[in-house]
Amino acid sequence: MAFAITQTCCNDATCVSVCPVNCIHPTPDEPDFGTTEMLYVDPKSCIDCGACADACPVDAIFPVDSLTESLKPYAGINAAFYADRAPAAAGDPAPNFHAWGPPVFDRDIPSDFAPLDVAVVGTGPAGMYAVEDLLLHTGSRVTLIDRLPVAGGLVRYGVAPDHPSTKKIGETFARFHNHPRLRMRLGVEIGRDVTVDELAAQHDAVIYAVGASSARSLGLPGEDLPGSMAATEVVAWYNGHPDTPADAIDLSAERVVVIGNGNVALDVARILTADPATLEGTTIAPEALARLRSSKVREVVLLARRGPDAAAYTGPELLALAQRKNVDLVVDTHDPEIARAIDTAAEGSKAALLRDVARETVDWSVPPRHENRRIVLRFHSAPLEILGDAQVRGLRVTGDVSIPAGQVIRAVGYRGTPVPGLPFDEETGTIPHTGGRVEGRPGTYVVGWIKRGPSGGIGANRACAHETVGSLLDDAVAGEITATPRRSSVLGKLTRRR
Ligand code: NAP
């Protein structure tokens, strides 16, 4: 028997660091780390100790023989990763046993910092991995700031409510909220309550982990019509974001088209087609659940400009969609190339995951009144125009096909917004930096999506934070940042006054 990693893998490699036999790969020091969709347990080396399952922050690891029906494919998925991988050879990195002995410190932080005083702006995963690094590996004091009155960032307001295991990572982060060297300042917005310069003047260093909170626009004709909206807004709506009204989305149409097929598009399609009873008891906003109960939506179309081999979703998320009961998944085979790509795809590839999915050449003139709600995957279709006069009534796509729909949702990626006082690259929607150091602003750093752009799941932020905190500590050692006089009450006074 062995353990297997399953759908909710966050890739943050906590499991790798506790495995006594080095049987979980890729490890952070291997070249394919960060490029695979998840981490995998080698069933031949696993000694069944369960340390990985205990340490996993998102409850993704189970003994193979206790996998539920929907998770059973993961036994094979874990094993398949090792099929072509060379077995560990003598001289390969040793297993991850911790070498006990005197502590070894990579750097000596100059004593004039006594200790380093760092502000971290943003309480999402990127900010919290930076906080964790600072609190666990240095004696720093941290001021943790968020513009919202509730901490959590994208874990609280981005992860779908039907993914409770993923949301659980919020508990791991929340442990640090009560750390004796951390002070929380919630409801404080940089640029409104305190300026970048004021924050910098009161801390030795400031790390911005402000994410990518706005939506990319496509510039399509009709994009401003009522009934056309961004997926970011839908996600904020079902998660009860304080800036999003309870009636943000109109669910009176039978068909909704989502442009894009990344994991956000899948999240939106899943929630809009879910049986509301299955969402009871989750963290979904009560107003959103009430509206879903009276929703008329029968079909969500996921529109992708490329083919099944180039889908943006990850395999585990597609697999979960295909296994849902009472919601059908259908591939629209309007282009013969689509079926060919699926049928000839290499085993284990994204396109091959669609082999058991139903196929149909959808007739858009027929209203979607099937017995079950359904999700249609339409590949090789780019959006051209959102149709309608006073309200969305459809979408025109390549091939001059019109898909009637009452709601068109753009799930084409998030976008960073500028922080007043910091440089900003309009092209990428990020803050320009080198290794996390903000250009032209010594002592100011970035981490997460505002640094790398809006891609990568929760765990990708761990390595990203490690790089940024490493740059900050190197700068402290090299004298590139200097200790600021302690005036700890100033930030509190300033924000209260404003
Ligand atoms: P994404 O993965 O980058 O997907 C964006 C989608 O928009 C792609 O299908 C892309 O198509 C499409 N698109 C972009 N420009 C377009 C255009 N001009 N016309 C038509 N389609 C266009 O972004 P996301 O879904 O917002 O996700 C962001 C990150 O969060 C991803 O790394 C994702 O995996 C992660 N995430 C993970 C989870 C999870 O693990 N459950 C949940 C949510 C988000 P092309 O591929 O053709 O460009």
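The structure is a predicted model, in which local features require pLDDT of at least 70 and side-chain atom pairs count only at pLDDT 80 or more, while totals for chains, interfaces and linings use all residues. Residues are numbered from 1 along each chain as its sequence is written, and side-chain values use heavy atoms, with hydrogens and water left out.

The chain is divided into domain 1 (3-81), domain 2 (117-213 + 416-497) and domain 3 (217-413), with bounds that come from an automatic or database domain assignment. Between the C-alpha centres of domain 2 and domain 3 there is a separation of 33 Å. In this pair, 11 residues of domain 2 are in contact with 16 residues of domain 3, where contact means heavy atoms within 4.5 Å.

Several pairs of helices were examined. Helices (H or I, at least four residues) and strands (E, at least two) are DSSP runs, numbered from the N terminus. Axes are lines fitted to C-alpha atoms, for helices over the stretch in contact, and angles run from 0 to 180 degrees between N-to-C directions. Helix H4 (residues 125-137) and helix H16 (residues 460-478) have axes that come within 8 Å and cross at roughly 55°. That angle makes H4 oblique to H16; angles under 35 degrees count as roughly parallel, over 145 as roughly antiparallel, 65 to 115 as roughly perpendicular and the rest as oblique. The crossing of H4 and H16 is right-handed. A crossing is called left-handed if the near helix is turned anticlockwise from the far one by less than a right angle, and right-handed if clockwise. On the H4 side, the contact is formed by Pro125, Ala126, Tyr129, Ala130, Glu132, Asp133 and Leu134, which meet Asn461, Arg462, Ala465, His466 and Val469 of H16. These residues divide into 7 nonpolar, 2 polar and 3 charged. In this scheme Ala, Val, Leu, Ile, Met, Phe, Trp, Tyr, Cys and Pro count as nonpolar, Asp, Glu, Lys and Arg as charged, and the others, Gly among them, as polar.

Helix H10 (residues 263-273) is mostly covered, with 9 of its 11 residues buried. Buried means under 20% relative accessible area, exposed over 50%, and partly exposed in between (1.4 Å probe, protein chains only). Among the buried residues of H10 are Leu266, Asp267, Val268 and Ile271. The axes of helix H9 (residues 231-238) and H10 come within 10 Å and cross at roughly 50°, which makes H9 oblique to H10. This crossing of H9 and H10 is left-handed. Ala231, Val234, Val235, Trp237 and Tyr238 of H9 make the contact with Val264, Asp267, Val268, Ile271 and Leu272 of H10. The residues involved comprise 9 nonpolar, no polar and 1 charged.

H10 also approaches helix H13 (residues 315-322), the axes coming within 10 Å and crossing at roughly 20°. H10 and H13 are therefore roughly parallel to each other, and H10 passes H13 in a left-handed crossing. Asn263, Leu266, Asp267 and Arg270 of H10 form this contact with Glu317, Leu318 and Leu321 of H13. Here the division is 3 nonpolar, 1 polar and 3 charged.

Individual residues were then considered. Threonine 333, in the loop between strand E13 (327-332) and helix H14 (336-343), is buried, with a relative accessible area of 17%. Its contacts, leaving aside neighbours within four places in sequence, are with Ala339, Arg359, Glu360 and Thr361. Valine 401, in strand E18 (residues 401-404), counts as partly exposed at 23% relative accessibility. Not counting residues up to four places away in sequence, valine 401 touches Trp364, Arg378, Leu395 and Arg396.

Backbone geometry was also examined. Most residues other than glycine have a negative phi, and most peptide bonds are trans. A cis peptide bond joins histidine 25 and proline 26, with omega about -5°; proline 26 is found in the loop between strand E2 (24-25) and strand E3 (40-41). The bond from alanine 114 to proline 115 is likewise cis, with omega near -15°. Aspartate 48, although not a glycine, has a positive phi of about 65° and is partly exposed, with a relative accessible area of 32%. Asparagine 326 has a positive phi near 70° and lies in the loop between H13 and E13. Asparagine 326 is exposed, with a relative accessible area of 59%.
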